[in-house]
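Me: I am new to this one and would like to get to know it step by step. Please start with the aromatic rings and then take me through the rest.

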Amino acid sequence: MKRWIPLIIFAGLAFFFYRGLYLHPHDVPSPFIGKPAPAFDLPVVGHPGETFSPSQNLGKVWLLNVWAPWCVSCRDEHPELLKLAGEGVLIYGLNWQDKDHQAAALLASIGDPYVKVGDDQSGQAGIDWGVTGTPETYVVDKKGIIRYKQIGVITDAVWRNKLAPLLKELNQ
C-alpha cells in the first residue's frame, strides 16, 4: 500500500494543475465581496487640506478605481473612465504608491474622471482593500458594501457586460 502513496499524491497534484490551466486569473474572487468597504481617511490629490474616506459615500453607488501614474494599463483604461464620468458614473480614485507625486499633474494633462482621488502613498489602504496590482476597480453599494472587484482594465465590453448591469441593479 505504501508504494501507491506517491502515485496518488502525484495524480492529485496533476489533476489540480490541469484544472488550473483553464482558470482565468481575472476571475479570482475577492474575499471582500459582500463585506463592508475597509475604512481609510486619505489626503485628496491636488487639494491640500481635503480628505477622502469611503464613509463619505454612504447612500451612493460608486466605483473605487485603484491606479497609479506609473501604471501603463491605467493609462489604457483612462479614456473609458473619462467617458463613464461624463455619463454621470461616480468614480473615486485611489492613487496607489505614487512616491513621485505625479498624479495631480498627470490628471491635469490627460483629464480627471474622478470625483476625488485619495493619495495612498504608503499603499496601506490598497492592502486593506486587497489590491494586488493596478488597475483594479471596486463597486460599492449604498450601504458601503463591496459588491464586485474588477481586476484589470475596464474596457467597453467589461462596462457593458459586467459593471453597467450591476450598477443599474444597485441603483434601483
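Me: Which residues do ring pairs link into a cluster?

Reply: First, a word on the basis: this is a predicted model, where local features need pLDDT of at least 70, side-chain atom pairs count only at pLDDT 80 or more, and totals for chains, interfaces and linings use all residues. Residues are numbered from 1 along each chain as its sequence is written, and side-chain values use heavy atoms, with hydrogens and water left out. Rings of Phe, Tyr and Trp (its six-membered ring) pair if their centres lie within 6.5 Å; planes under 30 degrees apart count as stacked, over 60 as edge-to-face and the rest as tilted. Pairs of this kind join into a cluster made of Phe40, Phe52, Trp62, Tyr92, Trp129 and Tyr138.

Me: Is the pair of phenylalanine 40 and phenylalanine 52 stacked or edge-to-face?

Reply: Searching the whole structure gives eight aromatic pairs. In the one formed by phenylalanine 40 and phenylalanine 52, the centres are 5.5 Å apart and the planes make 65 degrees, and the name for this arrangement is edge-to-face.

Me: Are phenylalanine 40 and phenylalanine 52 buried or exposed?

Reply: Buried means under 20% relative accessible area, exposed over 50%, and partly exposed in between (1.4 Å probe, protein chains only). By that scale, both phenylalanine 40 and phenylalanine 52 are buried.

Me: How many residues apart are lysine 116 and glutamate 50?

Reply: Lysine 116 and glutamate 50 form a salt bridge, with their closest N and O atoms 3.4 Å apart. This pair links distant parts of the chain: lysine 116 is in the loop between helix 3 (103-110) and strand 5 (117-120), glutamate 50 is in strand 2 (residues 47-52), and their separation is 66 residues.

Me: Which helix holds lysine 83?

Reply: Lysine 83 and aspartate 156 meet in a salt bridge (3.1 Å, N to O). Their pair links distant parts of the chain, 73 residues apart: aspartate 156 is in helix 5 (residues 156-171), while lysine 83 is in helix 2 (residues 72-86).

Me: What is the relative accessible area of glutamate 136?

Reply: Glutamate 136 meets lysine 149 in a salt bridge (3.3 Å, N to O). Since glutamate 136 lies in strand 6 (residues 136-140) and lysine 149 in strand 7 (residues 146-151), the pair ties together parts 13 residues apart in sequence. Lysine 149 counts as buried at 12% relative accessibility. Glutamate 136 is buried too, with a relative accessible area of 0%.

Me: Which helix gives the largest share of the lining of the largest cavity?

Reply: On a 1 Å grid over the protein atoms alone, a cavity is a set of points where a 1.4 Å probe fits but cannot get out, and lining residues have an atom within 4 Å of a point. Grid points are joined across faces, edges and corners, and a volume is the space filled by probe spheres set on the points. The search finds one cavity of 30 Å³ or more, and the largest cavity holds about 60 Å³ of space. Its lining includes Cys74, His78 and Leu107, and the largest share, five residues, comes from helix 2.

Me: What pattern does the chain follow along the sequence?

Reply: The chain has five helices and seven strands. Of its 172 residues, 42% are buried. Read along the sequence, the pattern is α-β-β-β-α-β-α-β-α-β-β-α.

How values were computed
A salt bridge is a side-chain nitrogen of Lys or Arg within 4 Å of a carboxyl oxygen of Asp or Glu. Helices (H or I, at least four residues) and strands (E, at least two) are DSSP runs, numbered from the N terminus. On a 1 Å grid over the protein atoms alone, a cavity is a set of points where a 1.4 Å probe fits but cannot get out, and a pocket is an open set with protein on both sides within 12 Å along at least five of seven lines; lining residues have an atom within 4 Å of a point.
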